[in-house]
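This report describes the strands, a core and the helices of one model. The sequence and structure are shown first.

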Amino acid sequence: MKLLINTYNYNVKAKILKEYRNIMKPIIIKSNLITKVLSVYIDVCAITLYPFIIINKACDHPVIMNHEKIHLKQQRELWIVPFYVLYIWYWLKGRMQGMNSHDAYMSIPFEKEAYEHQYDFEYIENREASAWKRYINLT
Ligand SMILES: [Zn+2]
């Protein structure tokens with residue numbers, strides 16, 4: 001009986017996990033043209049514009065994809081638009097503090113989280129909600 005219950009729980013957990021993964025599945029667009037058009041101000045290799053991950057074919061690498069998926073999760077938990085507002089705010093804040101464009105970009109908490117965990121392919125599943133907040137004011 002105990003074994004049956006454990007099997008049942010395992011199946012329920014596996015089903016929930018599978019549904020969760022499907023929900024989290026991004027729409028991936030591999031396009032050199034779109035990334036080139038978006039590279040007017042900064043060099044864009046890959047970008048996450050919920051629910052799309054647009055990636056230059058030359059940048060199609062599991063680590064970069066994992067980095068973008070972390071952004072996808074950040075965007076989802078912030079209901080998308082506030083993510084972009086905060087993203088731009090943190091970049092401007094860095095610029096106002098005298099940072100150059102790249103350093104301001106690297107000071108964005110969303111980027112700090114994504115860069116720190118982009119090599120950890122299980123991070124997305126184990127990540128705590130709003131984990132990006134731990135990177136606010138970290139230098
Ligand atoms: Zn990023």
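The largest nonpolar core has five residues: A46, I53, I54, I55 and L72. A nonpolar core here is a set of buried Ala, Val, Leu, Ile, Met, Phe, Trp, Tyr and Cys residues joined through C-beta atoms within 7 Å. Buried means that 20 or more other C-beta atoms lie within 10 Å of the residue's own, with C-beta atoms placed from the backbone. Strand β3 (residues 52-55) gives the most to this core, three residues. Strands (E, at least two residues) and helices (H or I, at least four) are DSSP runs, numbered from the N terminus.

The model is predicted; local features need pLDDT of at least 70, side-chain atom pairs count only at pLDDT 80 or more, and totals for chains, interfaces and linings use all residues. Residues are numbered from 1 along each chain as its sequence is written.

Leaving aside residues up to four places away in sequence, I53 touches P26, I28, A46, T48, E68 and L72. Contact means C-beta atoms, placed from the backbone, within 7 Å.

| Strand | Partner | Sense | Bridges | Opposite residues |
|---|---|---|---|---|
| β1 (residues 27-30) | β3 | parallel | four | I28 and I53 |
| β2 (residues 46-49) | β3 | antiparallel | four | I47 and I54 |

A hairpin is formed by β2 and β3, with two residues between them. The three strands make an open sheet of mixed pairing, in the order β1-β3-β2. Because β1 and β2 stand at the edges with a single partner strand each, one side of each has no neighbour in the sheet. On average, neighbouring strands of this sheet are turned by 20 degrees against each other, direction ignored. Helix α3 (residues 62-77) packs on the sheet and touches β2 and β3, and its direction makes about 20 degrees with that of β2. Axes are lines fitted to C-alpha atoms, for helices over the stretch in contact, and angles run from 0 to 180 degrees between N-to-C directions.

Helix α4 (residues 81-96) has 16 residues and spans 22 Å from first to last C-alpha, close to the expected 22 Å at 1.5 Å a residue. The expected span is 1.5 Å times one less than the number of residues. After α4 comes G98, with a positive phi near 95 degrees.

Methods. Buried ≥ 20, exposed ≤ 12 C-beta atoms within 10 Å, placed from the backbone. Contact = placed C-beta atoms within 7 Å. Pairing = 2+ DSSP bridges.
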